[in-house]
Structures are given as structure tokens and as C-alpha cells.
Protein chains: 2
Amino acid sequence: MKVAWAGSREAFQVSDRMAKLVANDPVFEKFSKPMLGRKELFKNTLRKAAYAWKLINDLRLTEEEAKWLRHYIDEPNYTDLHWEMFVPAIEGQGTKEQKKKWLPLAQTMQIIGTYAQTELGHGSNVQGLETTATFDRQTDEFVMHSPTLTSSKWWPGGMAKVATHAIVYARLIIDGLFHGVHGFIVQLRSLEDHSPLPGLTLGDIGMKFGHGTYNTMDNGVLRFDHVRIPRNQMLMRVSQVTKEGKYAQSDVPRQLLYGTMVSVRQTIVADASKALSRAVCIATRYSVVRRQFGSRNGGPETQVIDYKTQQSRLFPLLASAYAFRFVGEWLKSLYIDVKQRLEANDFSTLPETHACTAGLKALTTAATADGIEECRKLCGGHGYLISSGLPELFAFYVPACSYEGENVVMMLQVARFLVKTVSNLGYKQPVGTAAYLGRVTPLLQNNCAVQTAEDWLNPDAILEAFEARAARMVIGCGERLAMFENPEEGFAELSIDLVEASLAHCQLITVSVFIQKLNHEIPGNGVKRSLEVLCYVYALFLLHKHQGDFLATGYLTPKQASLANEQLRTLYSKVRPNAIAFVDSFNHMDHYLCSVLGRYDGNVYPKLYEAAWKDPLNDSDIVDGIQQYVQPILKQKLHYAKL
Amino acid sequence: MKVAWAGSREAFQVSDRMAKLVANDPVFEKFSKPMLGRKELFKNTLRKAAYAWKLINDLRLTEEEAKWLRHYIDEPNYTDLHWEMFVPAIEGQGTKEQKKKWLPLAQTMQIIGTYAQTELGHGSNVQGLETTATFDRQTDEFVMHSPTLTSSKWWPGGMAKVATHAIVYARLIIDGLFHGVHGFIVQLRSLEDHSPLPGLTLGDIGMKFGHGTYNTMDNGVLRFDHVRIPRNQMLMRVSQVTKEGKYAQSDVPRQLLYGTMVSVRQTIVADASKALSRAVCIATRYSVVRRQFGSRNGGPETQVIDYKTQQSRLFPLLASAYAFRFVGEWLKSLYIDVKQRLEANDFSTLPETHACTAGLKALTTAATADGIEECRKLCGGHGYLISSGLPELFAFYVPACSYEGENVVMMLQVARFLVKTVSNLGYKQPVGTAAYLGRVTPLLQNNCAVQTAEDWLNPDAILEAFEARAARMVIGCGERLAMFENPEEGFAELSIDLVEASLAHCQLITVSVFIQKLNHEIPGNGVKRSLEVLCYVYALFLLHKHQGDFLATGYLTPKQASLANEQLRTLYSKVRPNAIAFVDSFNHMDHYLCSVLGRYDGNVYPKLYEAAWKDPLNDSDIVDGIQQYVQPILKQKLHYAKL
């Protein structure tokens with residue numbers, strides 16, 4: 001099962017080796033983070049990042065290994081932006097000469113880069129950015145400027161205190177004319193003494209949700225006061241400005257830019273299963289240790305995992321973790337395929353892949369964020385302790401719902417794709433994940449044939465149900481849209497329904513990918529059978545949760561929906577005996593989980609007790625403030641106290 | 001509208017006066033909390049608590065005023081436990097003599113008390129507590145002891161560092177026989193020098209979710225090593241132990257104990273609307289300030305509140321805040337009624353009130369916790385900043401889902417009540433909120449008559465829909481339960497469905513209370529009409545969200561469900577013009593909101609910018625750690641660096 005989760009034996013080995021490397025090195029200790037002030041915390045992170053970079057070099061780690069190493073260090077820092085945004089942006093948008101100049105510097109970290117797109121007043125709408133880059137023909141330079149307060153760059157990680165360079169997105173202006181938003185390489189700090197360069201205002205934007213989490217990152221604010229950069233620091237692969245101030249577009253297709261977005265979002269989908277599996281692992285292990293009620297004749301109480309109500313909340317999340325793992329793996333292969341096609345100037349699958357990635361980004365991050373908090377609640381009161389690991393994991397994870405494409409905006413992009421696909425149905429056969437829309441007629445006509453609860457244990461029945469639901473919702477939206485004279489107005493007015501239809505479409509993808517996965521050989525004794533149970537749990541849980549859709553579209557009868565629910569309950573009993581095996585397969589080390597409740601050895605209570613004493617308040621019996629602010633109350637001398 | 005929200009002009013004035021008193025006093029400043037370490041934070045809280053107590057005395061505030069004052073100080077501390085748990089426990093469970101001795105001490109705070117029920121291994125199941133109180137006839141004492149690690153008292157607020165006394169719940173043992181769990185008054189600390197008394201281990205259980213939030217509270221651990229207390233410190237109103245070691249129950253009905261639970265939970269319901277309204281206020285104000293996309297001809301972008309997708313997430317929460325406000329008000333009157341009845345030995349309405357309070361506690365806290373996080377997401381990236389106020393509000397609020405009755409356990413109590421009510425239908429007419437179950441025949445037979453979207457703007461149609469849904473789900477569960485030979489086994493097996501039916505029942509209560517409210521006179525021009533819109537939004541939002549239930553029970557047709565959804569969309573347009581008025585009516589001061597995004601004056605961006613600079617990382621351009629851990633990387637001298 002561990003291999004099935006990791007994807008391959010090799011993948012398991014790499015990840016396992018890096019996990020152990022991190023777990024066994026005291027530099028990467030992280031339990032004490034919540035007790036550090038912002039400055040200490042930040043300094044500690046800088047140390048870990050330097051140490052990690054040294055390890056990567058000393059041990060000559062591969063790129064893959066380095067990625068896992070950073071993952072297990074489990075602490076956002078400036079290197080994330082450098083490797084995941086700065087370097088890829090130059091690779092994707094730089095000319096040959098620019099790459100030749102900048103990449104070697106970046107790859108050896110002689111410069112450290114960040115990615116400055118969002119502004120105080122502008123997030124999702126890149127075209128609304130206000131920062132300007134005005135071409136000065138006299139000096140062959142661009143003048144970078146922040147004309148308003150809302151144009152202040154805001155959020156870029158690593159920018160406040162560390163980065164020496166940034167890719168800055170700004171409105172290109174030549175001779176007073178606006179030529180779209182472009183990326184510029186701007187140096188932020190002296191490479192000698194690290195001080196901010198003249199004309200720049202640089203600072204940290206302040207504390208964020210959680211203790212450690214993103215407070216280990218110096219998300220920054222940046223303002224320009226007419227800062228000059230050479231013309232050749234505009235990223236010019238797609239568009240160029242000549243010495244004469246002529247703006248031109250090369251024949252490199254603009255669609256290439258979507259490739260980067262697809263790449264980043266695909267990583268986010270892959271990360272969702274990591275975060276969710278972490279929470280599920282903690283909650284499952286603790287649900288086995290924790291007992292409450294149901295003691296008979298003075299015997300031990302019932303393990304909370306044996307309660308149906310606990311199972312009905314926990315097991316669908318366990319199944320979702322696997323579903324997201326497999327859909328992430330599949331999306332990665334889709335991305336590799338589209339990348340190869342792009343390189344061969346084949347853009348045919350890009351819209352579908354783009355919609356797919358956007359939708360899965362929204363689906364998996366939303367479900368993961370909610371799922372982590374649900375796991376926390378499943379741990380009862382103790383889940384509220386930082387030492388449970390869950391509050392920090394939640395605070396760390398939730399921004400994924402907003403960054404790199406806000407989730408509702410993402411779903412609306414899926415909706416645009418679906419609406420277009422449907423309106424083209426007459427003459428263009430939909431492909432890939434939208435192929436089912438080419439079979440609308442049977443999907444609209446045929447209703448579900450299920451007659452017994454057993455009938456639901458059938459991948460075809462499940463797939464058809466999800467296809468029919470999605471198709472009917474999408475077609476329904478299409479029909480209502482057609483009633484509007486102005487399509488944009490209709491789209492805005494019906495946006496709520498469109499988001500619901502998009503979700504149905506994306507859930508179909510996750511379900512069908514899970515089913516596909518099981519159509520292949522899966523090594524390991526009984527592994528495939530166990531995964532089948534999870535696949536059914538995932539699908540039938542969604543079906544029950546959204547039974548309104550299935551019933552409203554007329555595909556299911558109430559009786560059939562109730563049979564699905566009955567089957568779901570039976571499936572929970574089949575998950576129960578393997579629950580611990582399922583979460584152990586994630587191969588999460590105790591160091592990585594950072595949770596007293598989720599310990600592999602189950603030794604929860606003694607360790608909770610032990611952890612408590614490390615709180616600073618326990619340094620002394622009588623803490624600072626008691627004498628000054630409590631004793632006067634007790635001794636009825638408050639009137640004379642100095643407060 | 002402010003009066004409608006507050007309940008009465010007098011209530012508004014008291015609350016408004018206290019809010020201003022707190023907001024204008026620099027001692028109660030709270031923006032800097034997230035930057036304080038645990039010890040400083042705690043000391044600061046002790047100071048605020050002492051200062052508040054002084055104010056209460058100096059200004060001779062009434063109990064009502066003192067409550068509001070503490071509410072607006074907005075910082076959990078030991079006095080919460082003292083006033084809300086310790087004092088009421090003595091009042092409710094103490095004998096006349098005990099009250100005479102202890103209440104004056106407590107009321108003047110010559111002693112400070114806490115409430116020690118939960119243990120490391122025991123939360124919901126009070127009968128499973130392990131701490132023992134063994135009677136020693138020789139000395140006329142009880143010996144308090146913690147026989148296991150899991151019996152350590154764990155969580156009581158104020159216990160770790162402040163409280164001098166505690167009500168400790170323990171298993172009463174006389175001559176080796178167990179006589180149930182009882183409360184005992186135990187002194188924890190010397191009144192002279194505040195040191196823990198011999199035989200006691202006392203400490204803090206460690207950091208909790210969030211920065212300020214409950215980290216201002218010293219939730220504690222307590223272990224007993226054969227600690228002796230006089231016999232008369234067992235709370236003996238309901239059960240007594242004589243000098244001879246005879247255990248007896250007085251004729252005071254045990255049901256009285258439920259009264260306390262009902263009281264505490266009723267307060268939690270009232271508090272839900274406060275927390276939710278706070279989040280909704282921030283998100284609504286910011287949604288008006290924030291603009292994104294939709295700029296035409298270079299004009300300003302669209303206010304995000306004008307997007308249907310934003311409205312469909314925000315306005316139902318706005319409506320929920322009002323719904324919870326009114327249901328909280330109603331529950332309070334129900335509680336006052338049941339209290340009077342209890343005093344007159346009338347227990348007839350207690351089971352119904354108990355179920356009602358448990359269910360509404362679960363419904364309102366779950367929806368509020370989720371709603372706060374949804375509001376945070378509705379604020380996009382900036383909602384992730386601590387200065388938005390939302391992360392701290394969320395972290396502060398979520399334990400309400402677990403404490404004072406875990407939400408699923410609560411819903412199962414409602415389920416027990418409903419199952420019993422239904423099984424008694426033949427000979428016992430249900431009353432109060434369960435009265436509709438007396439009309440099952442028409443509710444099972446008649447289906448919805450709605451034919452147009454307009455038809456949904458009818459309280460009777462809505463009420464009947466919610467009644468029919470709840471009745472059909474409850475009866476359905478009853479029928480399936482009857483198929484089990486062992487009822488307890490059936491209850492366990494069907495517990496998931498039972499929780500869903502209980503939720504349907506509780507949603508019916510909130511909807512019908514909202515409708516009732518509108519049947520009364522509501523002063524203010526157009527106030528009633530505006531509230532009607534919110535009432536419909538609340539009901540139709542629930543109907544859409546749970547349309548699976550309404551369709552599965554066959555009460556609605558897909559067409560009718562779709563008409564409801566259409567009407568809901570229209571209603572959002574009616575809420576929009578009054579959105580700001582609705583949230584201004586909460587009368588939340590900026591101090592209370594503690595949110596840059598939710599400022600009354602809408603001056604968001606300059607203040608966000610200003611707030612950023614207060615972060616400790618901005619104390620200097622080049623922070624500690626750069627020279628040591630970043631420069632060696634940039635200068636390619638990492639190999640020689642000391643890491």
C-alpha cells in the first residue's frame with residue numbers, strides 16, 4: 001500500500017530517505033516553533049534554509065531529492081519562491097540571452113529571487129495591476145513606479161527581508177501608450193551589504209494566521225519611486241521593446257504563459273493529498289487511542305473510531321486523501337503531456353487541461369482545508385491544543401484556497417470552458433475529461449438502473465451517475481444562459497449555478513480517475529481490493545452529500561439515493577479493520593506530523609502530559625502578574641493597586 | 001434595526017455604553033496581542049481582568065453591565081470560569097449552609113474558583129471520570145486522588161495559575177462502593193502566598209489554537225496525591241454523605257442539574273450570533289471596499305459584493321447571524337420559563353427544552369465556526385493577515401463546537417428525544433418545538449403546493465416545507481429503527497441518519513422562530529420588511545443547501561426546488577442595497593472588531609499599510625540572521641559558515 005500511495009517503489013524510497021534525513025537532524029526540530037517570537041522564528045528559518053542548501057550541495061542531492069527535503073523541512077521560506085516562481089518565470093518568459101545571464105546566478109543562489117505580482121489593491125485581476133514600467137528612450141531604461149498606495153506590491157514571499165531580485169509585473173507604457181502587463185527583473189538589494197536599493201521601500205506585511213506556518217516567511221510590501229532598470233531586464237520571450245521604443249510580439253505563442261499556471265496549480269493539487277493525509281493520519285490514530293462512553297461492566301470504553309458518526313466523518317476524508325493523491329498523479333502526467341504538445345506547437349488540449357487544473361485546484365484545496373478542520377474537531381478538545389499539530393496544519397494550509405487562483409474564480413473558469421464546450425457540441429467533439437459531454441443524449445435520457453444496495457458496488461453505475469449529474473447540470477445552465485440576450489450578463493447572473501455545475505464536473509474527474517487507477521495492475525497482496533473499498537466510499541459519500549443534485553436532475557430516485565447511503569454505511573465497516581494500515585501507508589514520520597495525538601506508537605496521554613510542561617507559563621509556580629494583579633483582588637486591596 | 005438586533009432600546013443602550021467604555025480605555029488595547037509571548041500575554045490579561053473588576057466596583061456596574069463589559073474586553077480569562085461556572089455550581093448544587101459560607105467569598109473575589117470536570121482521558125462521558133473522592137470516616141474527610149495519568153484534570157480555565165479553589169468532579173467511594181460522580185469544593189492554593197497546596201500538581205496544558213484567543217487563559221492540569229478535604233465540601237444539595245458514611249439522596253430532583261446545562265448552552269447559542277455577526281460585518285464592509293475585475297473603459301473595477309458568487313456566500317451568513325440572534329433571544333425566554341417551572345416542581349417541558357438547547361448549541365456553533373472561516377475566505381488574501389481580525393476570531397471561536405457538549409453528541413441527544421417523542425405519539429401529544437410531530441399524517445401526505453418562484457415568499461409554505469422534511473426524516477428513522485431487535489444497536493447503526501434528522505428538526509426551529517419574530521410588531525421604518533427579506537434568504541438558502549432532504553422525502557419536486565433557488569437569487573438583489581445597514585446595526589465598534597478590513601470608515605488600504613510596519617521584522621532593514629545565514633549563500637561561502 002505504501003508503494004501504491006507513493007506511486008512507485010523508487011518514489012517511495014526517495015521520499016522515505018529524505019523524510020528520515022530531516023527527522024533525524026536536530027537542526028530541523030519544529031515542536032518549539034509556536035513559542036518563538038517573530039524575529040527568533042524568522043532567524044531560525046533562515047538557519048534551516050541555509051543548512052538545507054548546504055545539505056543539498058554536500059550530499060549532491062538530485063532536484064527530486066531536494067524537493068522532498070524542502071517538503072519535509074515543512075517550513076515556508078524564501079527558497080520556495082526562488083525555486084518555484086523566480087527560476088521558472090525566467091525559464092518560461094526569458095529570451096535565450098536572458099536565460100544565459102540570469103539562470104546560472106539563480107541556480108547557484110548568487111542571487112535570490114522572488115515573484116512580485118499581486119498588489120495591495122489587486123489580486124486575481126492581473127490586468128488591473130497599477131505598477132508602471134515606463135520606457136525612457138533617452139537612457140534605454142524602464143522607470144518602475146508605484147503611482148498609488150494600492151499599487152504597492154503586497155504578499156510576495158521572501159521579498160521583505162531576503163530576496164535580492166524580483167520578477168515585477170507592471171503595466172508597460174511607451175510614449176504614453178499602455179501595452180499590457182509584463183514581467184521585469186528588478187534588483188532589490190545590494191549584493192554587498194544587503195541594504196535595499198535607492199528608490200525602493202521594502203517591508204514585511206505583518207503576521208499571518210498561525211504561529212509558525214507562513215510567519216516563517218517574510219511576505220513583503222514593495223514600493224517604487226521612479227526606479228530605473230536597463231531595457232534588457234524586461235522578460236522578452238513573448239513581447240519585446242526595441243531600443244527605439246517599438247513594441248512587438250514574437251511568434252512565440254502567448255498560450256505558453258498558461259503552461260506555467262498549469263504547472264503551479266498541478267503542484268498545488270499534488271500537495272493537497274499530502275496535507276489532507278497528514279490530518280487524516282493524526283485523527284485516525286487518535287480515534288483508535290481515544291475511548292469514550294460505552295463501557296460495559298466496568299470494562300474499557302469504546303474506541304471512538306468504532307462510532308458510526310465518527311466513521312462517517314473520518315473515512316470519507318481518508319478516501320478523499322487517496323482520491324486526491326491519484327488525481328494529483330494523473331494531473332502530473334496530463335501536464336507532462338501538454339508540455340510536450342506545447343513544445344511541438346500543439347495547443348489543442350490546452351483549454352481542457354487548463355480548465356481541469358483550475359477546477360481540481362479549487363476542489364482539492366477547498367476539501368482539504370475543510371477536511372483538516374474536520375479532523376481537528378474529530379480529535380475533540382485535545383485537537384485544540386497546538387501540540388495536536390492540527391491548528392498549525394490548518395493555518396498553514398488554508399491560503400491554498402486563495403492563492404494561485406482564488407477558488408471561486410477557478411470554478412468560473414471551468415464554467416466558461418464547459419459552456420463553450422457545450423455550445424460547440426454540434427461541430428466539435430469534446431475530448432479528455434469533457435468527452436462525456438459528447439454523449440449528452442443518452443446521459444440526459446437514461447436514468448439510473450440500480451435496484452439494490454449491492455448494485456452500487458459497480459464502477460460503471462457510479463461513473464454513469466456522476467456523468468449524468470454533471471451533464472444535466474451543465475446542459476441545464478446552458479439552456480438558462482441561452483435565455484439571456486447578453487451572454488456576459490447571463491453568465492454573471494447564473495454564476496452560482498455555474499459554480500455548482502463546475503464542481504459536479506470536477507468531482508466526476510476525481511471519481512473517474514480513482515476508478516481508472518483501479519483498472520490497472522496494483523502490486524501488493526489485497527491492496528487493490530482495499531483501494532476499491534475507498535473508491536466506493538469516496539464516490540458514494542459525494543453522492544450522498546450532493547444527493548440534491550442527483551435527485552433534482554431526475555437521474556436518481558429517492559429510493560436509489562437511499563440504497564447508496566445504505567451501501568456507504570456497510571462500506572464504513574469494511575474500512576474500519578484497515579483504517580490504521582491505510583494511514584500508516586502514507587509513511588508520515590512523527591517529525592513530519594508534529595503531533596502528539598498522531599504518534600505512531602499511540603503513546604498519546606503520557607506525551608501530551610509531558611508536552612504541557614514545556615509551556616513557558618510552567619517555568620514557575622507563581623507567574624509574573626499574580627502578585628501585581630491577582631493578590632490585590634484576593635486581599636481586597638484592589639483600590640490601592642497600581643494597575 | 002439596531003434596536004431590533006439588540007432586543008430592546010434598553011438593551012441597546014447598556015451594550016452600547018459598555019462597548020464605548022472598553023473601546024475608549026487604552027488598557028483594553030488588543031491589536032498588539034499577536035506579537036506578545038505567552039508570559040507577557042498572560043500578564044497583560046491579568047492586568048485587564050483586575051482593571052475590569054476595579055471598574056465594575058468603582059462604577060457600581062450592574063450584573064448585566066458587568067457581563068457586557070467582560071464581553072467587550074474580548075479576552076478569555078479566569079473570571080469567566082469564576083462567574084459562569086464556579087459561582088453557579090455552588091448556587092445550583094450547594095446546600096443552604098454551603099451557599100452561606102462560600103458565595104459571599106466568591107462574590108467579593110476573596111476566593112477565585114474554577115470548574116474541574118474534564119480529565120485527560122475523559123471529556124463527554126462524565127460517568128467515566130476516574131478521579132476518586134474516598135470517604136474517611138475516621139477523620140470525617142474525603143481523600144481526593146488521581147489514580148491514573150488519564151485521571152489528571154485537564155482543561156479547566158484559570159486553574160493552572162490563578163484559581164484558589166475548584167469544584168472538582170470525582171467518583172464518590174464509601175467503604176469501597178462507588179456512589180456516582182459528585183462535585184467537591186477543593187482549595188488549590190494558599191490564600192497567603194498563592195503557592196499550590198501540598199499534594200497537588202498544577203500546571204498549564206500548553207498553547208492552544210491562535211495567538212491571543214485562549215492563550216490568555218491558563219487552562220490547567222491538576223493531579224491529586226491523596227489530598228484531604230472536610231466532608232462538608234462535597235456539594236450536597238442533591239446527594240449527601242453523613243458523618244457515619246451513609247449515602248443518601250435528598251428529595252431535590254436530579255433534573256435540576258440539567259437546568260445548569262441548559263443555562264450554559266443557552267448562553268453559547270446567544271454568543272454564536274455575536275461571533276458570526278462580527279465576521280459578517282468585517283466581510284461585508286470589506287466586500288464593499290474591495291474591487292476586482294469588471295473595469296469598463298478604464299473606470300473603477302466592480303465592488304466584489306456585487307458578484308452573485310460573493311452574495312451567495314455572504315448573504316446567507318448575514319441572514320444566519322440574524323436568525324441566530326433571534327433564536328438565542330427566544331431560547332433565553334424558554335430557559336426563563338423552564339427555570340420557573342423547575343422551581344415549581346414542574347418538569348414537563350424539561351426534556352423538550354433540553355433537546356432544543358442541545359440541538360441549537362450544535363447547529364449554531366457549527367454554522368458559526370464554518371461561517372467565520374467562510375468570511376475570512378471572502379476577504380481573499382488579506383483575510384489571511386492577522387490584522388484582518390478573522391484568523392484570531394476563528395481560532396477563538398472553534399472550541400465552541402467541542403466544549404459544553406460535543407456537537408455530534410448533542411445531535412444524538414436530540415435524536416433520542418425525537419425517537420422517544422415519535423414512539424410515544426399514540427398516547428402523548430408532543431409540545432413546543434416538537435408539536436409538529438403531532439401532525440404527522442398531513443405532513444407525510446401533503447406535498448408542496450408551490451407553483452411559482454413568488455409562491456416561496458410565503459411563511460406558511462416555508463414552514464410546512466421544513467416541518468414536512470423534518471417529520472419525514474424523523475419518522476423514516478423511526479421505521480428503520482423498528483427493524484432492529486436491539487434498539488441500542490439500531491440507534492448506533494443508524495446514528496448518521498439520526499444526526500441528519502436532528503439537524504432538520506433544529507433548522508425547523510430556527511426558521512420558525514425567525515418567522516414568529518416577524519409576526520410581532522417591530523418598530524422602525526421598514527425594519528420589518530428588511531428582516532423579512534433576510535428571513536426568506538435564511539430559509540431558502542437552507543432549503544437549497546439541503547435540497548437532497550426535501551427531494552428525497554418526496555415533499556418537493558425538482559421544479560419546486562429550482563423555483564426556490566431562483567427566488568433566492570432574486571432575494572440577494574434585495575439584500576444588496578441594505579447590506580451595510582444590516583451590519584452597521586450590529587453596532588460593533590472598531591475596537592471590538594479588531595480588524596483593519598472591517599473598519600467603519602472603510603479606510604482599509606492606508607490602514608493595512610500602516611499596520612504592516614508595526615511588525616517586529618520591520619524594526620530594521622537588515623534583520624538578525626541575514627548576515628549569518630543568507631550572506632554566506634549569496635557570496636558562495638556557505639561551506640565555511642557556522643550553521
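Start by selecting A:Lys39 and B:Asp619: the two form a salt bridge, with their closest N and O atoms 2.7 Å apart. (A salt bridge here is a side-chain nitrogen of Lys or Arg within 4 Å of a carboxyl oxygen of Asp or Glu.) A:Lys39 sits in helix α3 of chain A and B:Asp619 in the loop between α21 (604–612) and α22 (626–634) of chain B, so this pair joins two chains. Helices (H or I, at least four residues) and strands (E, at least two) are DSSP runs, numbered from the N terminus.

A word on what you are viewing: this is a predicted model, in which local features need pLDDT of at least 70 and side-chain atom pairs count only at pLDDT 80 or more, while totals for chains, interfaces and linings use all residues. Residues are numbered from 1 along each chain as its sequence is written, chains are lettered from A and ligands numbered from 1 in the order in which they are written, and side-chain values use heavy atoms, leaving out hydrogens and water.

Next, pick A:Arg569 and B:Asp497, whose side chains meet in another salt bridge at 3.1 Å, N to O. Between chain A and chain B there are 14 salt bridges; over all chains the structure holds 70.

Now show the whole contact (heavy atoms within 4.5 Å): 133 residues come from chain A and 133 from chain B. Together the chains bury about 11700 Å², 65% of it on carbon and sulfur atoms. That buried area is the accessible area (1.4 Å probe) lost when the two parts are put together, summed over both.

Finally, move to the cavities. On a 1 Å grid over the protein atoms alone, a cavity is a set of points where a 1.4 Å probe fits but cannot get out, and lining residues have an atom within 4 Å of a point. Select A:Ala49, A:Ala52, A:Arg70, A:Asn77 and A:Thr79, which lie nearest its centre among 13 lining residues. Helix α3(A) returns here, giving the largest share of that lining, five residues.

Notes. On a 1 Å grid over the protein atoms alone, a cavity is a set of points where a 1.4 Å probe fits but cannot get out, and a pocket is an open set with protein on both sides within 12 Å along at least five of seven lines; lining residues have an atom within 4 Å of a point.
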